[in-house]
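I open this notebook to record what I looked up in one structure, strand by strand and then space by space. The entries follow the order in which I went through it.

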Amino acid sequence: MHDTPPSFELLPGAAESPVILHVPHAARAIPAVVRAGIVLDDAELERELDHITDAYTDRIAEAAAGLAGLTPWRFVNRLSRLVVDPERFPDEREEMLAVGMGAVYTRTTHRNVLRPSDTDPEPLVERYFRPYAEAMRKAVADRLAATGRAVIIDVHSYPGAALPYELHGEGPRPPVCLGTDSFHTSPELTGLARAAFARCGETGLDSPFSGAYVPLEFHGEDARVGALMVEIRRDTYMTEPGGPAGPGLDRLAGALAALVDGLGS
């Protein structure tokens, strides 16, 4: 693990596009100073990264952006979610704290120890989480100022079989799961996504994962911000866990581009 790149990157799209493709969990990079606080040995850590990383979702978003008629913006996390998970609440509101997976994880996907239970999350939250949240807030505010609306499409993936950390893993696991928010996900947005991803097999709603990411400043407050989480079952485009991508990746990128085009019109 090397001290790599900036922790996140905003890749500009068309000035008139309201769409932000948000890719929070595609990276595997862990700075050395953060690696030092993780108790797994190198082989164990690589295996955990195989399970926890939404592999190739950055490539799906990149390909979709290239195919879309109106290029969306892309906000991409360049560090592993084992550094911080930018989509978690950084406090007691986060239900995943129950399995040691708040903003700073202390447990693995298999509920083994990742960091000591008395780890203070605040240094990592301050260094990585808050700057990320502020940059994402600004990206949404900029789309609102430029176009009068913003649509955040979260690009995720999930394993074909439930992992022990999942709190709601007993439900359906369709090829594409659409996570919705009662305030920010309109029926029109859901309908566009269902139509776009029909080419990829069945789509389901809010199982095994639900919700959609919206910066806290806008969450439940600004209806001009739309949000949808796209959770892609990994066996539809790659060899699990942590193996190569397959032809399904291009099909999914085309479907995501179709959704982007529908939102830009």
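I take contact to mean heavy atoms within 4.5 Å. The model is a predicted one, in which local features need pLDDT of at least 70 and side-chain atom pairs count only at pLDDT 80 or more, while totals for chains, interfaces and linings use all residues. Residues are numbered from 1 along each chain as its sequence is written, and side-chain values use heavy atoms, with hydrogens and water left out.

**Entry: R173**

I looked up what R173 touches and found Y158, P159, G160, A161, A162, E166, P208 and R233, not counting residues up to four places away in sequence. R173 sits in the loop between β4 and β5; helices (H or I, at least four residues) and strands (E, at least two) are DSSP runs, numbered from the N terminus.

The side chains of R173 and E166 are joined by a polar contact of 2.9 Å, and a polar atom of the R173 side chain lies 3.1 Å from the backbone oxygen of G160. I also noted that R173 and L205, 32 residues apart in sequence, are 9.8 Å apart in space from C-alpha to C-alpha.

**Entry: R35**

R35 belongs to helix α1 (residues 32–35), and at 15% relative accessibility R35 counts as buried. Its side chain makes a polar contact of 2.8 Å with the side chain of D42.

**Entry: strand β7**

All nine of the nine residues of β7 are buried, so β7 is largely enclosed by the rest of the structure. V225, A227, M229, E231 and R233 point one way from β7, whereas G226, L228, V230 and I232 point the other way.

Which strands pair with β7? I count two strands as paired if DSSP finds at least two bridges between them. β4 pairs with β7 in the parallel sense over nine bridges, with H156 as the bridge partner of E231. β5 runs antiparallel to β7 and is joined to it by four bridges, with G179 as the partner of M229.

**Entry: strand β3**

Five of the five residues of β3 (residues 73–77) are buried, so β3 too is largely enclosed by the rest of the structure. W73, F75 and N77 lie on one side and R74 and V76 on the other. Strand β1 (residues 8–11) runs antiparallel to β3 over four bridges, and L11 has R74 as its bridge partner. Strand β2 (residues 19–23) runs parallel to β3, also over four bridges, and H22 stands opposite F75.

**Entry: nonpolar cores**

A nonpolar core is here a set of buried Ala, Val, Leu, Ile, Met, Phe, Trp, Tyr and Cys residues joined through side-chain atoms within 4.5 Å. In the largest one, which has 34 residues, I153, F197, L256 and L259 touch the most other members. Elements that give two or more residues to this core include β2, β4, β5 and β7, and the largest share, eight residues, comes from α6. Leaving out residues up to four places away in sequence, L259 touches I153, L192, A193, A196, F197 and L228. A second, separate core of 28 residues includes A103, V104, L114 and L124.

**Entry: pocket and cavity**

On a 1 Å grid over the protein atoms alone, a cavity is a set of points where a 1.4 Å probe fits but cannot get out, and a pocket is an open set with protein on both sides within 12 Å along at least five of seven lines; lining residues have an atom within 4 Å of a point. Grid points are joined across faces, edges and corners, and a volume is the space filled by probe spheres set on the points.

The largest pocket holds about 980 Å³ of space. It is lined by 44 residues, of which E87, R88, E94, S210 and G211 are the closest to its centre. I found one cavity of 30 Å³ or more. The largest cavity has a volume of about 50 Å³, and its lining is made by S7, N77, L79, S80, V83, V84, Y128 and Y132.

Methods. Buried < 20%, exposed > 50% of the residue type's maximum accessible area, 1.4 Å probe, protein only. Polar contact = N/O pair within 3.5 Å; in protein donor to acceptor, adjacent residues only side chain to side chain.
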